[in-house]
Amino acid sequence: IGGVLKGTPEDFRVIEILPEVRNEGEHISLECTREEMTTQEVLGTLTSIFSLKNKNSMGHAGLKDKHAKTTQTFSIPLGRTYSLEKVEEKLSQYFPELKVNSLKRREKKIRLGELLGNQFEVIVGELPESVSTSLEKSQLIKQKILKCGFPNYFGPQRFGDKGDNAEKGKEVFLGKKINSPWLKKFLLSAYQSELFNLWLSRRLDEGRFEEICEGDACFKKGDDRPFVFKGESDIAEVNYTGPLFGKKMFWP
């Protein structure tokens, strides 16, 4: 439909969805909203404010866009006796640009993979046609997606401002040493993502995007166990998947 995305941070809003946990424990759970800050920048500031050894001691469920209005939750290991009031006071004094939505306690550090999902609100600006025409076109696109799906590529943010994260990840995979465990894992994930995108591009080039092929690694709707498709299932209940290469991958 044309138009512009992310004209302002307000035009791209992301809210994390995490599972509920009991309000007790030695970690402080901080749900906050920010703009024009990366996840790593927030972690660095929190590390300084609370005099932690390093930002790896804190937990989060994933990286979020810098040029967006983002709501994200962090866990801070401050102990069972550190009051929530003191946390709020320090954040208000030393990190006023961070909006605190809630403070709770939790037993364990937030881990990658704990995220249930993200809720998005995306505003498209500078439409080349009227809102009614754009809406009409978007409904046709929606019907096509509901019928056929869409090629869900990893986007450019996964590959960094210079677009070279995947190449750096390949170097790590081939033996280059990286001191930061977080950076090593992130670069390797970028390399995995590039290989997935390459596989998906080839599938489209072969004209096989809308079909399930014998040998595909698939899921049945409502089931989280992958299986190799051999043509014996009801295709209406099956989705095929793409590879994220690694030791735990289910191979087609």
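Residues are called buried under 20% relative accessible area, exposed over 50% and partly exposed in between (1.4 Å probe, protein chains only). The model is predicted, so local features need pLDDT of at least 70 and side-chain atom pairs count only at pLDDT 80 or more, while totals for chains, interfaces and linings use all residues. Residues are numbered from 1 along each chain as its sequence is written, and side-chain values use heavy atoms, with hydrogens and water left out.

**View A. Trp182 and Phe186 in helix α5.** At 27% relative accessibility Trp182 is partly exposed, whereas Phe186 is buried at 19%. Their rings form a stacked pair, 5.4 Å centre to centre with 5° between the planes. Rings of Phe, Tyr and Trp (its six-membered ring) pair if their centres lie within 6.5 Å; planes under 30 degrees apart are stacked, over 60 edge-to-face and the rest tilted. The two residues are 4 apart in α5, about one helical turn. Helices (H or I, at least four residues) and strands (E, at least two) are DSSP runs, numbered from the N terminus.

**View B. The aromatic pair of Phe173 and Tyr191.** This pair is tilted, with 6.1 Å between centres and 50° between planes. Phe173 belongs to α4 and Tyr191 to α5, so the pair ties together parts that are 18 residues apart in sequence. Phe173 is exposed, at 58% relative accessibility; Tyr191 is buried, at 15%.

View C. Within α4 (residues 165-173), Asn165, Ala166, Gly169 and Val172 are buried. Just after α4, Gly175 has a positive phi of about 120°.

**View D. Surroundings of Asp216.** Asp216 sits in the loop between α5 (181-205) and β7 (217-220) and is buried, with a relative accessible area of 9%. A polar atom of its side chain lies 2.8 Å from the backbone nitrogen of Cys213. Leaving aside residues up to four places away in sequence, Asp216 touches residues including Arg203, Phe229 and Tyr240, where contact means heavy atoms within 4.5 Å.

**View E. Arg203 over the ring of Tyr240.** Arg203 lies over the face of Tyr240, at 3.8 Å from the ring centre. A charge sits over a ring if NZ of Lys or CZ of Arg is within 6 Å of the ring centre and within 35 degrees of the ring normal. Ring pairs also link Tyr240 with Phe154, Phe196 and Trp199 into a cluster.

Definitions and conventions:
Polar contact = N/O pair within 3.5 Å; in protein donor to acceptor, adjacent residues only side chain to side chain.
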